[in-house]
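Here is a short report on a predicted model. Please look over the sequence and the structure first.

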Amino acid sequence: MASVVRITDFSHNGLQDYVSLTDVALRKVTEPERGLYIAESSKVIQRAVNAGHIPRSVLLQEQWLADIEPLVADFPECIIYVGSSVLLQELTGFEMHRGALASMQRPELPSAPDLLANATRVVVLEDIVDHTNVGAIFRAVAGLGADAVLITPRCADPLYRRSVRVSMGTVLQVPWTRLPEWPEAREILHKSGFHIAAMALSDDAVLLREFVSNPPSKIALVFGSEGDGLSRQALEACDTVVTIPMLHGVDSLNVASASAVALYALTE
């Protein structure tokens, strides 16, 4: 069983995992370096454990203890920190509405070739920096049937707390890893037999309905950053540019919405 520690101050070393969780810049550096991520709510903690991730500790108020203890019962090294709402808000930087936070050990990412070995449809995210969009795309991938997500070096961390929350924990279920920069990423995808389709605006773009009428057997859909879209290097690396036709002078959808539309079209 996990051990329960009731806290009245911040003297315990294990509490460092939860300091200033609202500081995005700090977390982007410290969480990956320390090999952890933060899972929020009992549902997400359960999904993380089901995915084989190991909890280091849990932080919660007394009323949530009975719900959380069974979730981490098989991890005797896990510590459950129990404190008042005022104390926990001072520690984390926000009021905890979702029951509990868990500091989870980051799983080791697979290599891109290994991830692609048994996949036929994947999503590639190039430099998408908004954690909400990353989480929403993972949820679309999980719900609409893609096999994996691959992200470029500057893409936002899928295990950032907001990404995990927006995805409803599906970032813990969908296989993912990081790709190197183009054109090395192109070589990896082509070596695994993938047709690379850039979702972008272009004069020579193929309409989505035309692309899905006779799709390649293996497809990597590439989505670009929220502001500038796909980079020139990404467009040069792709085999086809695909666009979603729009009406009423709207040029494009939000990237997360576009991913859902494209993935749904490929299920038809």
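## Strand S6 and its neighbours

Strand S6 is mostly covered: of its five residues, four are buried. S6 runs parallel to S11, and five bridges join the two.

## The seven-stranded sheet

Which order do the seven strands of this open sheet follow? The order is S8-S7-S6-S11-S9-S12-S10, and the pairing is parallel. S8 and strand S10 (206-207) stand at the edges. Each has a single partner strand, so one side of each is left without a neighbour in the sheet.

S9 and S11 run parallel and are joined by four bridges. Alanine 197 has leucine 221 of S11 as its bridge partner.

## Methionine 199

Methionine 199 sits in strand S9. Is it buried or exposed? Methionine 199 is buried, because its relative accessible area is 13% and the cut-off for buried is under 20%.

Leaving aside residues up to four places away in sequence, methionine 199 touches Leu221, Val222, Phe223, Leu230, Val242, Ile244 and Ala262. Arginine 154 is 45 residues from methionine 199 along the chain, and their C-alpha atoms are separated by 19 Å.

## Helix H11

Helix H11 covers residues 255-265. Its buried residues are Val255, Ala256, Ala258, Ser259, Ala262, Leu263 and Ala265. Ala262 is one of the residues that methionine 199 touches.

What covers the buried residues of H11? The cover includes strand S6 (121-125), strand S9 (195-199) and strand S11 (219-223). Helix H6 (131-144) and helix H9 (208-213) are also part of it. At the start of H11, a side-chain oxygen of asparagine 254 comes to within 2.8 Å of the backbone nitrogen of alanine 256.

## The five-stranded sheet

A second topic is the open sheet of five strands, ordered S1-S4-S3-S5-S2 with mixed pairing. Strand S1 (3-6) and strand S2 (36-40) stand at its edges. Each has a single partner strand, so one side of each lacks a neighbour in the sheet. From one strand to the next, the twist averages 20°.

Within this sheet, S3 and strand S4 (residues 79-82) pair in the parallel sense over four bridges. Leucine 60 has valine 82 of S4 as its bridge partner.

## Helix H4

Helix H4 spans residues 85-92, and Leu87, Leu88, Leu91 and Thr92 are buried in it. Why do these residues lie on the same side of H4? They cover an arc of only 115° around the axis, which puts them on the same side. An α-helix has 3.6 residues a turn, so residues three or four places apart point the same way.

Val86 and Glu90 are exposed on the other side of H4. The cover over the buried residues includes strand S3 (55-60) and strand S5 (100-105). Glycine 93 follows H4, with a positive phi near 100°.

Most residues other than glycine have a negative phi, and most peptide bonds are trans. Aspartate 127 is not a glycine, yet its phi is positive, about 55°. Aspartate 127 lies in the loop between S6 and H6. It is buried, with a relative accessible area of 18%.

Methionine 168 also has a positive phi, about 60°, although it is not a glycine. Methionine 168 is found in the loop between helix H7 (161-166) and S8. It is partly exposed, with a relative accessible area of 33%. The peptide bond from tryptophan 182 to proline 183 is cis, with omega near 5°. Proline 183 is in the loop between strand S8 (176-178) and helix H8 (184-191).

How values were computed
Residues numbered from 1 in each chain as written. Predicted model: local features only at pLDDT ≥ 70, side-chain atom pairs only at ≥ 80, totals over all residues. Heavy atoms only, no water. Buried < 20%, exposed > 50% of the residue type's maximum accessible area, 1.4 Å probe, protein only. Arc of directions from axis to C-beta. Contact = heavy atoms within 4.5 Å. Polar contact = N/O pair within 3.5 Å; in protein donor to acceptor, adjacent residues only side chain to side chain. Pairing = 2+ DSSP bridges. Axes fitted to C-alpha atoms, helices over the stretch in contact; angles between N-to-C directions.
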